[in-house]
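Open the structure in your viewer and keep the selection tool at hand. The stops below are given in the order in which to select them.

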Amino acid sequence: MRDKLAIVNSSSFGKYFPEHLQKLREYLDVESFTFPSKLHGKELADALAGYKYIIASTSPFFDSEFFEYKDETVIISRHGLGYDNIDVVKATEKGVIVTKVGGGTEREAVAEHAVALCMSIIRKVPQAYIAVKNSEWSKRQSFFGIELKDKVVGIIGYGNIGSRVGEIVHFGFGASVLFYDPYAKEDAGKNIQAKRVELDELLKNSDIIFICSSLTKENYHILSVREFEMMKKGVYIINTSRGELIDQDTLINALDSGKIGGIGFDVVEGEPITGDHPLLRYDNVIITPHIAAYTFESMKGMGDKVVSDILRAVQKIIPDEVVNKDVISKLEAQGWRRI
């Protein structure tokens with residue numbers, strides 16, 4: 001009897017590149033599952049009983065309780081960059097490998113989408129299109145925007161994606177760049193003369209803020225009441241990372257007060273959302289349904305990486321981009337090898 005692989009809550013894996021599924025099915029019995037986004041713990045463990053290999057999306061939650069009740073699991077491979085829905089410490093304790101897609105795979109797609117959201121909101125592109133569609137060409141004088149040239153762009157999180165956003169807005173549009181990232185390399189930003197600053201300085205001086213940071217326990221709601229009070233009136237905020245980085249109640253208050261010029265989000269806390277979500281009441285808000293990585297180039301690279309992770313694990317070869325590196329010594333003691 002062959003081992004089993006579960007594809008969990010990923011609507012895109014194998015859809016556009018069926019060869020990824022075909023390759024996995026040569027070695028494993030594969031089944032796809034769609035669970036409620038907040039499912040976790042024993043209930044999730046029971047639903048995935050018997051599946052040694054898991055390809056995971058941004059939900060549900062592979063929390064501590066999940067690992068306590070789950071039968072043998074070899075690997076959870078994230079079909080994406082973030083892994084905040086996986087209890088990595090508990091996975092390590094149980095000897096479960098957690099992998100993710102390398103930052104370079106999604107770099108261009110997510111950075112370009114972030115800039116697309118920025119341009120859409122500062123130039124009011126969707127609003128103007130809707131006016132034309134509604135035979136309201138005469139409204140065109142209400143769609144004044146701003147230019148990126150000579151603006152101060154602040155980037156929170158200056159890794160693969162944040163640094164690419166910086167390059168695009170600087171070289172492509174002539175903006176100056178500030179960035180906040182306590183983990184960035186010493187020479188980060190030097191190619192565009194970007195200035196490394198503390199978060200407070202970035203918030204006080206930026207005309208446009210891009211959020212490109214991964215989500216951790218430490219930076220949950222990194223932008224809340226105090227931070228919004230520091231921002232310039234009319235600031236624009238772009239978020240392609242995680243909705244949980246922003247306190248939504250504070251954001252809504254800032255929109256109501258006119259503090260925010262506009263927001264362009266690809267992520268929302270508690271996503272997926274419906275049309276009655278409070279953020280959708282505002283004309284200066286654009287939200288896309290977590291599609292920043294949805295390019296053919298990016299999705300193929302992501303799929304290639306996940307397939308490699310799973311097939312290496314089947315052969316007891318240590319995959320690339322292991323999140324919980326402490327598990328590697330346990331694997332090597334069990335005869336796993338590197339290539």
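Begin at the second largest cavity, with a volume of about 40 Å³. A cavity is a set of points, on a 1 Å grid over the protein atoms alone, where a 1.4 Å probe fits but cannot get out; points are joined across faces, edges and corners, and the volume is the space filled by probe spheres set on them. This is a predicted model, in which local features need pLDDT of at least 70, side-chain atom pairs count only at pLDDT 80 or more, and totals for chains, interfaces and linings use all residues. Residues are numbered from 1 along each chain as its sequence is written, and side-chain values use heavy atoms, without hydrogens and water.

Select Ser12, Phe13, Gly14, Phe17, His20, His79, Met299 and Gly303, which line this cavity (an atom within 4 Å of a point). The lining has 3 nonpolar, 5 polar and no charged residues (nonpolar: Ala, Val, Leu, Ile, Met, Phe, Trp, Tyr, Cys and Pro; charged: Asp, Glu, Lys and Arg; polar: the others, Gly among them).

Next, select helices H1 (residues 18-25) and H11 (residues 296-314), whose axes come within 10 Å and cross at roughly 5°. Helices are DSSP runs (H or I, at least four residues), numbered from the N terminus; axes are lines fitted to C-alpha atoms over the stretch in contact, with angles from 0 to 180 degrees between N-to-C directions. H1 and H11 are therefore roughly parallel (under 35 degrees). His20, Lys23 and Leu24 of H1 meet H11 residues including Met299 and Gly303 (contact: heavy atoms within 4.5 Å).

Finish at the largest cavity, of about 60 Å³. Its lining includes Asn239, Phe265 and Leu279.

Conventions: Helices (H or I, at least four residues) and strands (E, at least two) are DSSP runs, numbered from the N terminus. Angles under 35 degrees count as roughly parallel, over 145 as roughly antiparallel, 65 to 115 as roughly perpendicular and the rest as oblique. On a 1 Å grid over the protein atoms alone, a cavity is a set of points where a 1.4 Å probe fits but cannot get out, and a pocket is an open set with protein on both sides within 12 Å along at least five of seven lines; lining residues have an atom within 4 Å of a point.
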